[in-house]
Amino acid sequence: MTMPSLDSVPVGALSPLPARSDALPLLPGGNDRQLAALRRLIDQLGTGREGTDHLAWPEEGDSITVRDAVRRLGSVGVVAREGSRVKPTPAALDWRRTGRHDVLVGTFHRHVAFVGELLAALEDQPLGLEELLRLGRERYGFDWQTVTPVRQRTIWLRVTGMITYFGGRARLTDSGRTLLGSLELGEPACGARSPQETALPSVPPAGAAVRRLWAERSTAGWETRGTGRNLYIPGPKDDNGRLRALRILVSGSRPEVAREEFGELCDQVAGRPVAASSAGAALDAVAALGLLERVGENAWAPGAAAEAWLADDDPLDLARIIHAAIRYFGEILSVLGTETVATARLVRHSAEYVTDGLTPTAVHARLHLLDSCGLAKKITSKTYRATPLGRAFLRTLPPDSVAVTPPRPATGPGPVRSRATAEDVAAELETAARQSEDPVRLEKAAVAALEELGLDGSHLGGRGRTDGAVRLGAGLRRRTFAVEAKATATGVVERRAVDLEGLAEHRDQLGAEATLLIGPAFHERVVTAARKDGKVAVLHTGLLADVLRSRRTMPPTPGLLEILLDPARDPALRETEIEAARQEEERRFAVERAVVEALLEEAEYSEGWLTLRDLVRDLRKGGPDTDEREIREALGFLAFPRVGAVEERDGQFRVTVSRRTLVHLVQTMGRSWLTVSPDEAG
């Protein structure tokens with residue numbers, strides 16, 4: 001049986017291969033339930049639902065917000081946003097009405113890379129997952145490390161009848177061959193027309209006002225640019241929402257704007273009332289981006305370059321203005337290049353340009369702006385790639401403005417672990433997870449990773465024993481966890497590889513309260529069985545590695561460790577909950593920074609004394625959302641005798657050290673707790 005052609009379906013043109021998403025996620029419910037789960041999602045969306053509405057997911061009794069469901073589904077072409085509402089695309093509705101799987105797979109192909117290209121690879125011969133993975137890496141330039149992305153594609157293609165899969169190999173069906181004849185395929189990333197060799201687009205020259213701005217910056221020194229740690233802009237991020245918001249905020253500030261009036265502009269951009277503290281943060285962000293200049297005690301106005309951008313509406317001039325204002329903006333393009341890069345790598349790399357590095361939030365804000373200017377492309381929720389225009393734009397930036405400043409070497413006594421140590425442990429963890437022929441390697445890497453997060457650990461292993469043990473806390477509050485590590489070359493640990501009864505025995509041997517089951521990914525049956533056991537925390541090595549890498553900018557707090565180690569947490573939600581905990585900690589750190597900044601600013605004009613009420617008022621004008629209790633807690637920490645950064649007198653506070661001294665003081669306190677054994681010292 002042949003399937004009808006796609007010619008009759010208005011589905012739109014194919015996006016270039018690098019511009020398509022590289023993720024085709026699976027929905028909950030098992031491989032053979034993918035189509036049923038997608039039908040149910042489309043039916044529940046109906047003619048459109050608000051992002052905050054709840055859907056049944058994946059079975060009756062479970063629910064998830066529309067926003068979270070769409071985020072998990074990814075950019076696959078079956079849902080679209082209209083303002084705050086989400087609705088099925090015409091192609092998705094057509095598939096739901098007709099049941100034509102060629103429409104669905106054709107939609108996937110136009111939005112997700114290596115779908116039709118995978119079908120084409122099977123045209124001449126059956127191929128296994130490893131062979132398809134090698135093809136994706138070598139021919140199309142993907143940086144996939146496991147077969148999971150290929151497996152997810154073959155599952156969708158099998159349930160839609162485009163391929164069969166048996167004997168470890170995928171085979172093209174008649175339906176798949178018919179569909180393949182109607183698809184436009186992406187060009188390989190390697191060979192005669194690789195992205196590196198393809199001619200890059202021309203970049204229009206900068207306007208006169210921007211050229212003057214660059215000349216001024218070159219004279220002052222590119223290293224004097226701001227850090228841009230807070231770049232909060234209200235309004236939607238998608239569909240160039242950032243550019244629209246900036247145009248409204250900057251143009252509405254003519255001829256000048258007071259802080260209170262700027263808050264009204266923020267309300268207009270967001271479509272709802274914005275808190276005064278958030279509006280103040282937005283004002284500071286627009287000024288930090290170089291688009292507004294302070295012209296009075298409570299007055300800001302667009303600069304000459306910003307006025308030129310408003311007049312010409314050139315996103316490249318906007319990018320040039322931002323690059324002249326903050327560090328690590330255009331520099332990101334030199335990292336992205338022609339490969340897909342994870343945002344976690346960019347966060348780590350930012351430390352080469354900004355003292356102590358940038359938070360994930362600050363890096364994401366830069367990426368959203370680069371995306372809006374057409375210089376970078378979001379591939380997945382966590383990866384980006386430079387566009388051809390972005391690579392061409394990079395060549396026009398002054399070399400001094402993108403030069404790497406080597407990080408300062410670690411100083412101080414003792415075996416202080418450098419930033420590279422946590423990275424090395426994380427990289428070893430991810431590599432060992434795929435070495436099924438050497439399972440002991442992952443056992444040791446898993447224990448080392450947990451030790452890096454502050455747990456006391458030991459590798460055990462051996463017949464009849466657990467792989468390792470880690471302990472958290474002390475005395476009567478000490479908690480013990482058994483560690484079981486499972487490496488697999490396929491990227492997914494199958495159910496038969498996990499002996500739950502054996503895990504329970506190992507816990508009893510140690511007196512452990514739970515088992516940490518660590519591996520690259522686990523079959524849904526493993527997760528279900530662990531959930532029923534109730535004492536098994538399923539941890540993916542990728543998530544554990546991310547937590548390790550974030551240790552430099554966010555310490556592993558008790559709250560975060562609780563989320564990481566809690567067996568009652570759903571593995572699918574653990575990453576989201578950890579990210580929420582990170583953001584909350586970042587906000588708390590921001591309160592401490594804001595308190596210090598307010599005290600330092602006051603010290604520039606007076607003896608520096610401020611009351612608690614003064615600080616509350618100042619932070620409400622232009623700081624993170626906070627309250628009197630949090631500010632008091634921050635002051636208590638800063639005034640602690642071993643820190644001594646703040647002194648108190650009659651209910652007033654003032655700072656006693658510089659910002660840099662405070663940073664070194666806290667770092668030295670941490671190092672002083674490390675003990676040095678003779679072996680380590682030698």
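Which residue lies over the face of Phe166? The residue is Arg171, at 4.0 Å from the ring centre. The model under review is a predicted one, and the points below should be read accordingly.

1. Charges over rings. Besides Arg171, which lies over the face of Phe166, Arg247 should be noted: its charged end sits over the ring of Trp309. The distance from the ring centre of Trp309 is 5.6 Å.

2. Aromatic pairs. The model contains 3 aromatic pairs by the rule applied, in which ring centres lie within 6.5 Å. In one of them, the ring centres of Trp214 and Trp222 are 6.1 Å apart and the planes stand at 80°, so this pair is classed as edge-to-face. Trp214 and Trp222 are both buried.

3. The pair Tyr328 and Tyr353. These two residues form an aromatic pair of the tilted kind, with 5.3 Å from centre to centre and 40° between the planes. Tyr328 belongs to the loop between helix H14 (315-325) and helix H15 (331-336), while Tyr353 belongs to the loop between helix H16 (343-349) and helix H17 (360-372); the pair therefore ties together parts that are 25 residues apart in sequence. Are the two tyrosines buried or exposed? Tyr328 is buried, with a relative accessible area of 0%, and Tyr353 also counts as buried, at 9% relative accessibility. The cut-off for this class is under 20% relative accessible area.

4. The position of Phe114 is in the loop between helix H4 (101-111) and helix H5 (116-121). Phe114 is buried, with a relative accessible area of 0%.

5. A cis peptide bond. The bond from Arg254 to Pro255 is cis, with omega near -15°. Pro255 is found in the loop that runs between helix H10 (241-251) and helix H11 (259-270).

6. Packing of two helices. The axes of helix H21 (residues 439-452) and helix H24 (residues 541-549) come within 10 Å and cross at roughly 35°. The crossing of H21 and H24 is left-handed. Which residues of the two helices meet? On the H21 side they are Leu442, Ala449, Leu450 and Glu452, and on the H24 side Thr541, Leu544 and Leu548. By class, this contact of H21 with H24 has 5 nonpolar, 1 polar and 1 charged residues.

7. An exposed loop residue. Asp650 is located in the loop between strand E19 (646-649) and strand E20 (652-655). Asp650 is exposed, with a relative accessible area of 74%, and the cut-off for that class is over 50%. The C-alpha atoms of Asp650 and Thr611 are separated by 9.0 Å, and the two residues are 39 residues apart along the chain.

Methods
Residues are numbered from 1 along each chain as its sequence is written. This is a predicted model: local features need pLDDT of at least 70, side-chain atom pairs count only at pLDDT 80 or more; totals for chains, interfaces and linings use all residues. Side-chain values use heavy atoms; hydrogens and water are left out. Rings of Phe, Tyr and Trp (its six-membered ring) pair if their centres lie within 6.5 Å; planes under 30 degrees apart count as stacked, over 60 as edge-to-face and the rest as tilted. Buried means under 20% relative accessible area, exposed over 50%, partly exposed in between (1.4 Å probe, protein chains only). Helices (H or I, at least four residues) and strands (E, at least two) are DSSP runs, numbered from the N terminus. A charge sits over a ring if NZ of Lys or CZ of Arg is within 6 Å of the ring centre and within 35 degrees of the ring normal. Axes are lines fitted to C-alpha atoms, for helices over the stretch in contact, and angles run from 0 to 180 degrees between N-to-C directions. A crossing is left-handed if the near helix is turned anticlockwise from the far one by less than a right angle, and right-handed if clockwise. Contact means heavy atoms within 4.5 Å. Ala, Val, Leu, Ile, Met, Phe, Trp, Tyr, Cys and Pro count as nonpolar, Asp, Glu, Lys and Arg as charged, and the others, Gly among them, as polar.
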